[in-house]
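Work through the exercises below with the structure at hand. Try each task before reading its solution.

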Amino acid sequence: MNKQNESYIVLALMSGTSLDGLDISCIQFKVYEGKWHYSVIYATTLAYSNEVLQLLATIETANGADLIEAHFKYGHYLGDQAINFINRNNLKGIDFIASHGHTIFHQPNKQFTFQLGHGAAIAARSKNTVISDFRSIDVALNGQGAPLVPIGDRLLYGEYNACINLGGIANISYENNGERIGFDICAVNMAMNHLCQTELQLSYDKNGDLAKSGKLNLALFKELNSLPFFNMLPPKSLGKESVFNELIPLLDKATIPVQDKLNTLCRHIADRTHESITNANLLGPILFTGGGALNNFLMHCIKEKVPHAYRPDRITIDYKEAIIFGLLGVLRFREEKNCLSGVTGARLDSIGGSIFLPPCHSQ
């Protein structure tokens with residue numbers, strides 16, 4: 001492969017902290033006149049089986065040997081899903097697979113992060129070149145290792161004044177005097193799905209209908225807004241550990257109907273989002289994507305405070321993060337920076353991602 005091609009076909013694998021499934025996207029990237037363009041060829045989200053879901057939800061409490069075993073096991077799973085997707089859609093000319101993995105630990109203050117799904121196992125099963133482990137070099141450079149999407153926001157969605165992804169955790173990125181700024185805002189689907197699953201035995205709040213039927217609880221709203229994370233200045237990132245150690249207990253102990261908890265949580269997310277936008281003095285169109293953008297009540301709460309919020313087509317909403325990690329893979333392959341120290345607080349910009357070549361064919 002020519003590392004300076006002007007066109008790449010990439011299979012991107014993305015698993016978010018909300019555990020809503022594996023996003024698989026086949027994307028063609030082209031660069032001409034110094035500008036990146038993309039088109040999505042095929043994309044789908046595969047729901048996790050109970051076995052995989054249980055693995056991802058509980059592996060953080062495992063011993064070392066079980067964690068490493070799961071790292072390879074989930075990698076084999078990703079490789080199988082990738083090759084099935086390629087065969088099912090008769091895809092040709094895949095240059096490589098870019099895999100985000102599934103974040104199990106993220107503690108940049110202790111200089112470590114860990115995304116499950118070994119690239120070697122993906123390459124072995126799929127028989128394709130794999131680029132994975134995008135965050136580790138930034139953390140090793142004293143960075144937050146997150147968010148990584150801002151460089152993709154700059155290169156692919158630069159017409160918007162800011163990009164906000166409402167995933168398991170919300171993040172924002174925008175330009176400030178020629179520098180890309182990005183940071184995590186607050187927990188979104190990770191917290192809302194937790195309430196639905198633990199109190200209602202539902203996967204999620206479809207369209208935000210349950211939240212809409214509830215009412216704001218001011219005491220809980222104030223408690224959520226007073227969490228220490230919101231007093232921190234960027235660069236900052238929010239790990240699953242912090243969400244479950246600090247935010248989730250506030251929701252669990254509140255003795256109010258779950259509908260009121262969801263309503264209050266949506267208004268908290270809208271408030272935190274509005275503050276981030278206001279502090280940055282952002283005007284004009286702001287792009288909202290991620291699973292939370294499909295929650296109509298949440299978007300209603302946001303648009304009350306951010307009237308210039310823009311919700312794009314469904315493919316962009318669902319697969320923007322996978323698309324950007326595909327681009328991060330392209331940049332890694334071209335040996336061009338794909339992680340911005342101005343976003344993460346690292347000592348230097350870096351080129352993140354480990355490359356695993358496919359098995360050699362017998363002659």
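A cavity is a set of grid points where a 1.4 Å probe fits but cannot get out, and its lining residues have an atom within 4 Å of a point. Keep in mind that this is a predicted model.

**Exercise 1. Find which residues line the second largest cavity, and sort them by class.**

Solution. 
- Step 1: Start with the space, which is about 40 Å³ in the second largest cavity.
- Step 2: Go along the chain. Pro-147, Leu-148, Pro-150 and Ile-151 are among the lining residues. Asn-338, Cys-339, Leu-340, Val-343 and Thr-344 are also in the lining.
- Step 3: Look for elements. Helix H5 (150-156) and helix H13 (341-344) each give at least two residues to this lining.
- Step 4: Sort by class. The lining has seven nonpolar residues, two polar and no charged.
- Step 5: Look again at Pro-147. Its peptide bond from Ala-146 is cis, with omega near -15 degrees. Pro-147 sits in the loop between helix H4 (136-140) and H5.

**Exercise 2. Describe the largest cavity and its lining.**

Solution. 
- Step 1: Count first. The whole structure holds two cavities of 30 Å³ or more.
- Step 2: H9 contributes the most, four residues.
- Step 3: By class, seven residues are nonpolar, one is polar and one is charged.

**Exercise 3. Which element gives the largest share of the lining of the second largest pocket?**

Solution. 
- Step 1: Take the volume of the second largest pocket, about 330 Å³. Of its 16 lining residues, His-106, Pro-108, Asn-109, Ser-237 and Ser-242 are the closest to the centre.
- Step 2: Strand E5 (102-107) and helix H9 (240-253) each supply at least two lining residues.
- Step 3: The largest share comes from H9, with four residues.
- Step 4: The classes are five nonpolar, eight polar and three charged.
- Step 5: Check the loop between helix H8 (218-225) and H9, where Pro-235 lies. A cis peptide bond joins Pro-234 to Pro-235, with omega about 5 degrees.

**Exercise 4. Are the two faces of strand E4 covered or uncovered?**

Solution. 
- Step 1: In a regular strand, side chains alternate between the two faces of the sheet.
- Step 2: Apply this to E4, residues 96-99. Phe-96 and Ala-98 are on one side, Ile-97 and Ser-99 on the other.
- Step 3: All four are buried, so both faces are covered.
- Step 4: Find the partners. Strand E1 (residues 7-15) pairs with E4 in the parallel sense over four bridges. Leu-13 has Ser-99 as its bridge partner.
- Step 5: Strand E7 (residues 130-132) runs parallel to E4 and is joined to E4 by two bridges. There, Val-130 stands opposite Ile-97.

**Exercise 5. Asp-133 and Gln-201 have positive phi. Is each exposed or partly exposed?**

Solution. 
- Step 1: Locate Asp-133 in the loop between E7 and H4. Its phi is near 55 degrees.
- Step 2: Asp-133 has 31% relative accessibility, so Asp-133 counts as partly exposed.
- Step 3: Locate Gln-201 in the loop between helix H6 (189-199) and helix H7 (209-213). Its phi is about 55 degrees.
- Step 4: The cut-off for exposed is over 50%. Gln-201 has a relative accessible area of 63%, so Gln-201 is exposed.

Notes: Residues numbered from 1 in each chain as written. Predicted model: local features only at pLDDT ≥ 70, side-chain atom pairs only at ≥ 80, totals over all residues. Heavy atoms only, no water. 1 Å grid on protein atoms, 1.4 Å probe; cavity = no way out; pocket = protein on both sides within 12 Å on 5 of 7 lines; lining within 4 Å. Points joined across faces, edges and corners; volume = space filled by probe spheres on them. Nonpolar A, V, L, I, M, F, W, Y, C, P; charged D, E, K, R; others polar. Buried < 20%, exposed > 50% of the residue type's maximum accessible area, 1.4 Å probe, protein only. Pairing = 2+ DSSP bridges.
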